[in-house]
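Dear colleague,

Please find below the structure that I am handing over to you, with its sequence. My findings follow directly after it.

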Amino acid sequence: MSQITKQVAQYFPIIVCGGGIGGLTFGLSCTKYGFKPLIIDQAKEFDSKVGQGIGLWGPAQMALKQLGLEKKLDEDGRVMFCAGYRSKQLDDWLVRPSNRIDRLTSCLCLRRGTLQKTLRESFPSDQLLLGKRVEQIEQLDNLVRITLNDGTILETSLLVGADGLHSKVRQSIFPEIQPRYAGYSYYQGVSNNSELSNSAAFEAWGAYRRFGIVGLKDPQCYWFAVGEHNISFFSQSDGLIEDEPKSSKTEVISEQEKEELLYYFKDFGKLANQVINSTKSEEIVKTPIYELPKMKEWSQGRIVLLGDACHAMAPNLAQGACLAIEDALQLSSSIYQALLKESRNRNLQYSFEQCMKETDFVKNNIISNYVQKRRLRAHIVQTLVPMVHQIGRLDGRAEQFRNAFFKAWSGKFKTFIFDKTHQFCLGWSYTAPNLGQGLYTRIIGPNFYNYPKGLVDFHINKPKQLDSKQISVDFNKQSCVAEGNCTIYSDNNYFVNAVEKLLQLPQNMNNGKVILGVTCNEDGSELWYRQFINSCGQVNTFDSLQYVKEEKLYEEIFNFVIVMRLEEKGDNRTFYHQSEGIYFKIPFTNLKIKIPQFLAPKIKAETIGTENGWKYNVELSYLNGKYNVLTYKGEITKVQNNY
Ligand SMILES: Cc1cc2nc3c(=O)[nH]c(=O)nc-3n(C[C@H](O)[C@H](O)[C@H](O)COP(=O)(O)OP(=O)(O)OC[C@H]3O[C@@H](n4cnc5c(N)ncnc54)[C@H](O)[C@@H]3O)c2cc1C
């Protein structure tokens, strides 16, 4: 970033203080929308010591998928399902999750350095200012002025504080909020042990201590040991509960401290001893854990906080970085949605800088939307995190009672409750915010950009001022029109005829014309309007609402909801949908009843990208594909902006 000069204050619409996991993810998602934030970080190099391994739960993975990083990170890590809890002797499980990995409860475990490196390398280097510290922050009438440690002055319309636990940005707006010591430290290391790397992850509970192992990419495994005592005293006396540590920094431990650590965890079974022993002391780090209280306010004026800066918490549920990633996507999405709305309201050409300079717009349309969408989720996790340590640390009778209590429950019921609590903590039915490019990008990720131009245009069209009498598309929203051909074959029986009548599909049609109008709503759902015109000029229309939830594609037709699983084929240009169930929505309620399998047709569809559009083939069948009742296929050949 050599262009920045000290003499003249330079303006950037968005400045991010902190290029850690949250700041970089925010920066990357902004670039997907075409905004160019400047990220400033005091460190020249990222500190790979903090947190040797890191676990990213389903929501964070979904968010990273939107940024095109999921595949790369998958290759460098291991996806596991949730860890179970064990007693300290490691002889028994107290509670285990079900061994079902789904999108929400899967956890991608990898080296923290790998995640940070991937994020940093994916972000444009000319928007990254490294080795510079934000020293002063001043909020003026219509902008924020910041001064760096070398005297450089920068101005911005939106300052994002992604500067972690000891956030300078937070101190500038809420000086009364201070991190507090949680009362324990995390010791962490990575050991090479293929057997452990491939076995089930766990956390064991003993008096004032917890110990866990999580598999990383074979043969590595990540271990952590949590203790309330100052171990230097423990080996000499009866063990003192540690007062507030002198420094909150992560430090490498000495050989002597490693010996003390081994002694401190000697009653945690052979396994604990073995992994600690096999890790060199210079590769073991200690981090005293600090937390923030639940903050009611996350912003002031044009300054907003993200990640640890507003909800730093102990890593007991491996959620801090996940929440920072989710925050990042939400904030960039709130900016995009606010701009989209504004450009429609004023009938303006999309003007980013103009909107960002208006204080009310930034405060009321962007920041309040972001805070409202994120705060409750963070507060729930902040409430649950200390409980894990409180339950895990129990001693003596309380420990015995806890273990007996867990063992007394039936396995299935316990697993059910555990899975549900876990889901709750992970955001229940979290779906990463739509990055604005339409459903297909959202489902198949950035591979969408490898699709032919026609198909991409179709899904990322800009608002148009056109009017069309022929087809109902809301041109005030993101929308577009396409056309192609369609052939329909169906069985000529009462039942199929009734379905066709209900859906307003033509009964057989050979190489007729199909016109599509798609309107993209703010929540990312798309209204698809289809018009079929046969060779005699007879017109049939059929509309549906499509959206994605928990990475499944939903299609609503009248009061029926079809839930489809989506598979992508290796060449990135072909994908399949397959129905998993059809539901009936009871009017005026949120209730849905599943249609029995023998009544609901199985729907299989295939879409193949072509030069200007795509080919499609949809089949409806009964008895698990044995009895084909309807085929609907053709090609979309024209995707036009100026229809
Ligand atoms: C032992 C341990 C294990 C953990 N394990 C997990 C886990 O498995 N899963 C999980 O989700 N989370 C985990 N976490 C939590 C996770 O590390 C944090 O929540 C996450 O790093 C927060 O990201 P952030 O971007 O908000 O802040 P940070 O990662 O702290 O980044 C802040 C950045 O701001 C920069 N900065 C600070 N001040 C300034 C300034 N004045 N000027 C310029 N730059 C500045 C810093 O250099 C830094 O790069 C763990 C934490 C610990 C301590």
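Glu-135 is partly exposed at 33% relative accessibility, where buried means under 20% relative accessible area, exposed means over 50%, and partly exposed lies in between (1.4 Å probe, protein chains only). Its salt-bridge partner is Arg-133, with 2.7 Å between the closest N and O atoms. The term salt bridge stands here for a side-chain nitrogen of Lys or Arg within 4 Å of a carboxyl oxygen of Asp or Glu. Arg-133 is likewise partly exposed, with a relative accessible area of 38%.

Please note that this is a predicted model, in which local features need pLDDT of at least 70 and side-chain atom pairs count only at pLDDT 80 or more, whereas totals for chains, interfaces and linings use all residues. Residues are numbered from 1 along each chain as its sequence is written, and side-chain values use heavy atoms, with hydrogens and water left out.

Overall picture

The pLDDT, which is the predictor's confidence in each residue on a scale from 0 to 100, averages 84 over the protein chain. A score of at least 70 is reached by 87% of the residues. Over residues 463-469, however, the pLDDT is below 50. This stretch has twelve contacts in the model beyond near neighbours in sequence, a contact being heavy atoms within 4.5 Å.

The protein chain has 643 residues, of which 56% count as buried. Its secondary structure comprises 18 helices and 30 strands; these are DSSP runs numbered from the N terminus, with helices (H or I) of at least four residues and strands (E) of at least two. Among contacts in the protein chain with a separation of 6 or more, 68% are between residues 24 or more positions apart.

Salt bridges

How many salt bridges does a search of the whole structure find? The search returns 16 salt bridges.

One of them joins Arg-209 to Asp-267, with the closest N and O atoms 2.8 Å apart. Arg-209 belongs to strand S14 (residues 209-215), while Asp-267 sits in the loop between helix H8 (255-264) and helix H9 (269-277), so the pair ties together parts that are 58 residues apart in sequence. Arg-209 is buried, at 8% relative accessible area, whereas Asp-267 is partly exposed at 31%.

Another salt bridge is formed by the side chains of Arg-393 and Glu-228, at 2.5 Å from N to O. Here the two residues are 165 residues apart and link distant parts of the chain. Arg-393 is in the loop between helix H13 (359-392) and helix H14 (396-408), and Glu-228 is in the loop between strand S15 (220-227) and helix H7 (231-234). Arg-393 is partly exposed with a relative accessible area of 22%, and Glu-228 is buried with 5%.

Cysteines

The search of the whole structure gives zero disulfides, a disulfide being a pair of cysteine sulfur atoms within 2.5 Å. Cys-109 accordingly takes part in no disulfide, and the nearest cysteine sulfur, that of Cys-107, is 4.0 Å away. Is Cys-109 buried or exposed? Cys-109 is buried, with a relative accessible area of 2%. Cys-536, by contrast, is exposed at 71% relative accessibility.

Surroundings of the ligand

There are 30 residues around the ligand, counted as near if one of their heavy atoms lies within 4 Å of it. Gly-22, Asp-41, Gly-55, Arg-112 and Asp-308 come nearest. An N or O atom in the side chain of Asp-308 is 2.7 Å from an oxygen atom of the ligand. Ile-21 has a backbone N or O atom 3.3 Å from a ligand oxygen, and for Ala-318 a backbone N or O atom is also found 3.3 Å from an oxygen atom of the ligand.

Two individual residues

Ser-87 is located in strand S5 (residues 84-87) and is buried at 2% relative accessibility. Apart from neighbours within four places in sequence, Ser-87 is in contact with Asp-92, Leu-94, Ala-204, Trp-205 and Asn-403.

Thr-250 lies in the loop between H7 and strand S16 (251-252) and is buried, with a relative accessible area of 12%. Its side chain makes a polar contact of 2.9 Å with the side chain of Thr-287. A polar contact is a pair of N or O atoms within 3.5 Å; within protein, one must be able to donate a hydrogen and the other to accept it, and residues adjacent in sequence count only if both atoms are side-chain atoms.

With kind regards
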